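Please walk through this chain with its charged side chains and its helices in view.

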Amino acid sequence: MIYITGDTHGDWMSRLNTNAFPEQKEMTKDDYVIIAGDFGIWNDTKQERYNLDWLEDKPFTTLFVDGNHSNFDRLYAMPVSEWHGGKVHFIRPSVIHLMRGQVFNIEGKVFWTFGGASSHDIQDGILEFDDPRVKSWQYDYTKMFRINHVSWWKEELPAEEEIEEGRKNLENIDNKVDFIVTHCGATSSMALYSHGEYKADILTDYFEEIRHRVDFQKWFMGHYHTNYAINDKEIILYEQIVRIA
């Protein structure tokens with residue numbers, strides 16, 4: 001069994017407890033729950049370690065792509081391993097980060113994964129930790145800013161090497177997959193969904209290329225904090241947990 005859901009922001013206990021997700025009673029570690037970005041890797045606190053151990057103790061295996069709210073300093077410092085055909089980071093033995101541009105074979109289905117997204121809550125800028133505005137603005141809820149290497153990382157958008165690796169991995173399988181899992185969507189899809197609110201960037205334009213080049217059955221994404229079918233193939237998820245295989 002494979003299920004997929006949207007952003008959890010570290011609150012796995014609310015989304016994936018037995019009452020909210022009773023289907024897990026029939027699952028094993030050979031079954032999977034995929035989180036479409038903003039999984040919740042922040043600071044290595046006692047609470048976060050406890051929550052990750054709780055997730056590790058669940059009967060299923062958790063898979064996730066990264067989003068824009070991730071501590072990339074921590075995530076990208078982890079050892080890279082290979083799992084089911086693609087590159088991963090093992091957060092716990094059964095809590096696994098699916099890296100960008102990778103192809104995975106899971107339960108007979110082919111997945112292409114690519115995390116990342118632009119932050120849309122930074123109108124007042126990206127500040128350095130020692131910037132005096134951080135202290136003066138911290139309780140000013142009209143200010144929309146983030147702090148470099150604390151609440152924002154440039155790696156929210158991909159490096160050219162990740163983009164090229166994604167292309168090559170798709171070419172190696174003749175640009176045909178069952179499922180695409182990302183955090184944000186393609187430029188035209190987001191224009192259709194948001195009526196122009198969300199602007200194009202290097203990643204959404206890349207996904208536009210993928211959208212036209214790749215033969216896929218379904219494309220799942222998070223990021224937009226809603227449950228919405230853009231069309232019959234591209235689906236935004238938030239709280240819903242949907243079985244896909």
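What follows goes from a helix pair to the salt bridges.

This is a predicted model, in which local features need pLDDT of at least 70, side-chain atom pairs count only at pLDDT 80 or more, and totals for chains, interfaces and linings use all residues. Residues are numbered from 1 along each chain as its sequence is written, and side-chain values use heavy atoms, with hydrogens and water left out.

Start with two helices. Helices (H or I, at least four residues) and strands (E, at least two) are DSSP runs, numbered from the N terminus. The axes of α5 (residues 160-171) and α7 (residues 202-213) come within 12 Å and cross at roughly 10°. Axes here are lines fitted to C-alpha atoms, for helices over the stretch in contact, and angles run from 0 to 180 degrees between N-to-C directions. So α5 is roughly parallel to α7, a term for angles under 35 degrees.

Which residues in α5 and α7 meet? From α5 come I163, G166, R167, L170 and E171; from α7 come I202, Y206, E209, I210 and R213. Contact means heavy atoms within 4.5 Å. By class, this contact has five nonpolar, one polar and four charged residues. Ala, Val, Leu, Ile, Met, Phe, Trp, Tyr, Cys and Pro count as nonpolar, Asp, Glu, Lys and Arg as charged, and the others, Gly among them, as polar.

Now the charges. Side chains of opposite charge can pair when their charged atoms come close. A salt bridge is a side-chain nitrogen of Lys or Arg within 4 Å of a carboxyl oxygen of Asp or Glu. The count comes to 16 salt bridges.

One of them joins D66 and R100, at 2.7 Å from N to O. D66 sits in the loop between β3 (61-65) and α3 (72-75), R100 in the loop between β6 (95-98) and β7 (102-106), 34 residues apart. Is D66 buried or exposed? D66 is buried, at 1% relative accessible area; buried means under 20%, exposed over 50%, partly exposed in between (1.4 Å probe, protein chains only). R100 is buried too, at 4%.

R146 pairs with D121, their closest N and O atoms 2.8 Å apart. R146 is buried at 15%; D121 is partly exposed at 23%.

E234 and R211 meet at 2.9 Å, N to O, in another salt bridge. E234 is in strand β14 (residues 234-236) and R211 in helix α7, 23 residues apart. E234 is buried at 2%, whereas R211 is partly exposed at 25%. Finally, shared partners join E160, E164, R167, E171, E209 and R213 into one salt-bridge network.

Terms used
Parallel < 35°, antiparallel > 145°, perpendicular 65-115°, else oblique.
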